[in-house]
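Please keep the sequence and the model in view while reading.

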Amino acid sequence: MITIWPAFYESFACKAEDCRHSCCKGWEIDIDYASVALYQGLDGKLGNEIRNSISTESGVYSFRLTEDERCPFLRQDGLCRIILEYGDDYICDICAMHPRFFSIIGDFELAGFGLSCEKSCELLLESVEELSFELEETGKRISFGELIDELGLGDSMLSDTFEAELEPDYLKRIINSLADTEPIDDAWTNHIEFLKVNIDKLYKKTADFYSRCDKRQLNRLYQYILYRHMQRIEEYGIDSLLSFARGAVTFIIIEAAVSGNMEESIRRWSEQIEYSVENTEKLLIAE
Ligand code: SF4
């Protein structure tokens with residue numbers, strides 16, 4: 001198995017207390033069985049607190065979040081009490097892995113950092129260089145085009161270039177398809193409604209914003225979304241994946257045109273779509 005990472009992976013470091021959208025807030029935290037067993041044997045006050053914070057439903061263990069949906073072990077300064085007291089080896093698998101993702105295509109494992117994480121969005125946008133990847137075992141760097149060849153998809157119609165379509169009908173279709181996904185929270189529902197109601201006023205704003213965008217950055221984003229979902233080609237086909245990625249980047253452009261904040265537009269799209277298998281599949285089928 002050959003593991004591939006985006007070349008910026010070595011620069012990844014959790015922002016901890018500087019993160020405005022900490023992954024320790026607002027997400028369910030399921031606990032793997034090995035960690036549950038480890039927690040059963042912990043001594044001391046914190047050990048008791050950990051055990052008392054675990055709930056179970058249908059055989060799935062998770063941490064009971066606080067009223068404001070924070071992990072009970074997240075300190076106000078953004079640091080984790082379990083890591084501080086016991087060390088990195090004591091956090092459960094989901095916390096140790098997040099925001100990394102891994103997917104398998106043939107003999108390749110495609111790894112990366114999910115875009116619901118602020119730091120991942122920053123790393124993706126901090127360069128305008130062509131997105132490149134690194135083979136973990138050899139350190140060899142390859143471009144997106146070479147990655148496609150490595151994966152045996154070189155003869156496919158897998159386009160590596162984002163081509164914008166900003167026609168009103170297309171923008172409307174993209175917003176309507178996003179409106180049809182299961183909302184992550186009320187704010188998402190309200191915002192999509194705002195976009196739907198104001199879409200006629202947003203065409204020009206979106207086109208103006210797009211004309212000022214660095215197209216190399218949009219291409220990095222487009223390729224990264226393709227990379228993350230490449231394993232879905234087998235089930236949904238290349239055309240669906242291309243339409244999914246193009247729709248995603250288009251929606252992010254509309255969002256960024258409204259908010260002026262490209263990083264946050266990416267992060268918000270990702271947590272709504274990419275972190276819900278149902279929503280991702282719904283859009284892939286719709287395309
Ligand atoms: S979202 Fe990313 S930067 Fe923020 S706390 Fe989680 S891993 Fe760290």
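Which kind of contact do the side chains of Arg 267 and Glu 264 form? The two meet in a salt bridge, with 2.8 Å from N to O. A salt bridge is here a side-chain nitrogen of Lys or Arg within 4 Å of a carboxyl oxygen of Asp or Glu.

The model is predicted, and for this reason local features need pLDDT of at least 70 and side-chain atom pairs count only at pLDDT 80 or more, while totals for chains, interfaces and linings use all residues. Residues are numbered from 1 along each chain as its sequence is written, and side-chain values use heavy atoms, with hydrogens and water left out.

**Salt bridges**

Arg 267 and Glu 264 both belong to helix 12 (residues 262–273), where 3 residues, about one turn of the helix, separate them. Helices (H or I, at least four residues) and strands (E, at least two) are DSSP runs, numbered from the N terminus. Arg 267 is buried at 3% relative accessibility, whereas Glu 264 is partly exposed at 23%. In these terms, buried means under 20% relative accessible area, exposed over 50%, and partly exposed in between (1.4 Å probe, protein chains only). The areas themselves come from the Shrake-Rupley method with a 1.4 Å probe, and for residues only the protein chains shown count as cover.

The closest N and O atoms of Glu 271 and Arg 268 are 2.6 Å apart, and both residues are buried. Through shared partners, salt bridges join Asp 185, Glu 264, Arg 267, Arg 268 and Glu 271 into one network.

Another salt bridge pairs Arg 20 with Glu 118. Arg 20 lies in the loop between strand 1 (2–6) and strand 2 (30–31) and Glu 118 in helix 5 (residues 118–125), so this contact ties together parts that are 98 residues apart in sequence. Arg 20 is exposed, at 53% relative accessibility, while Glu 118 is buried, at 5%. The count of salt bridges comes to 14, and the table gives three of them.

| Salt bridge | N to O distance |
|---|---|
| Arg 267 and Glu 264 | 2.8 Å |
| Glu 271 and Arg 268 | 2.6 Å |
| Arg 20 and Glu 118 | 3.7 Å |

Helix 12 also holds Ile 266, which is buried with a relative accessible area of 0%. Leu 202 is placed in helix 8 (residues 186–212) and is buried at 6% relative accessibility. From C-alpha to C-alpha, Leu 202 and Pro 168 are 9.2 Å apart, although 34 residues apart in sequence.

**Aromatic residues**

A pair of aromatic rings is described by the distance of the centres and the angle of the planes. Rings of Phe, Tyr and Trp (its six-membered ring) pair if their centres lie within 6.5 Å; planes under 30 degrees apart count as stacked, over 60 as edge-to-face and the rest as tilted. The structure holds 18 aromatic pairs. In the pair of Trp 5 and Tyr 9, the ring centres are 5.1 Å apart and the planes stand at 15°, so the pair is stacked. Trp 5 is buried at 8% relative accessible area, and Tyr 9 is buried at 19%. One aromatic cluster is formed by Phe 8, Phe 101, Phe 133, Phe 144, Tyr 224 and Tyr 227.

**Surface charge**

On the surface, Glu 28, Asp 30, Glu 57, Glu 67, Asp 68 and Glu 69 gather in a patch of negative charge. Patches are made of residues with over 30% relative accessible area and no salt bridge, like charges being joined within 9 Å and nonpolar side chains (Val, Leu, Ile, Met, Phe, Trp, Tyr) within 5 Å. Lys and Arg count as positive and Asp and Glu as negative, with His and the chain ends not counted. The place of a charge is taken as NZ of Lys, CZ of Arg, CG of Asp or CD of Glu. Glu 67 is found in the loop between strand 4 (60–63) and helix 3 (81–86) and is exposed at 86% relative accessible area.

**Backbone features**

His 98 and Pro 99 are joined by a cis peptide bond, with omega about 5°. Pro 99 lies in the loop between helix 4 (93–97) and strand 5 (100–105). Ala 16, which is not a glycine, has a positive phi of about 45°; its place is the loop between strand 1 and strand 2. Ser 58 likewise has a positive phi, near 50°, and lies in the loop between strand 3 (54–57) and strand 4. Ser 58 is exposed, at 75% relative accessibility.
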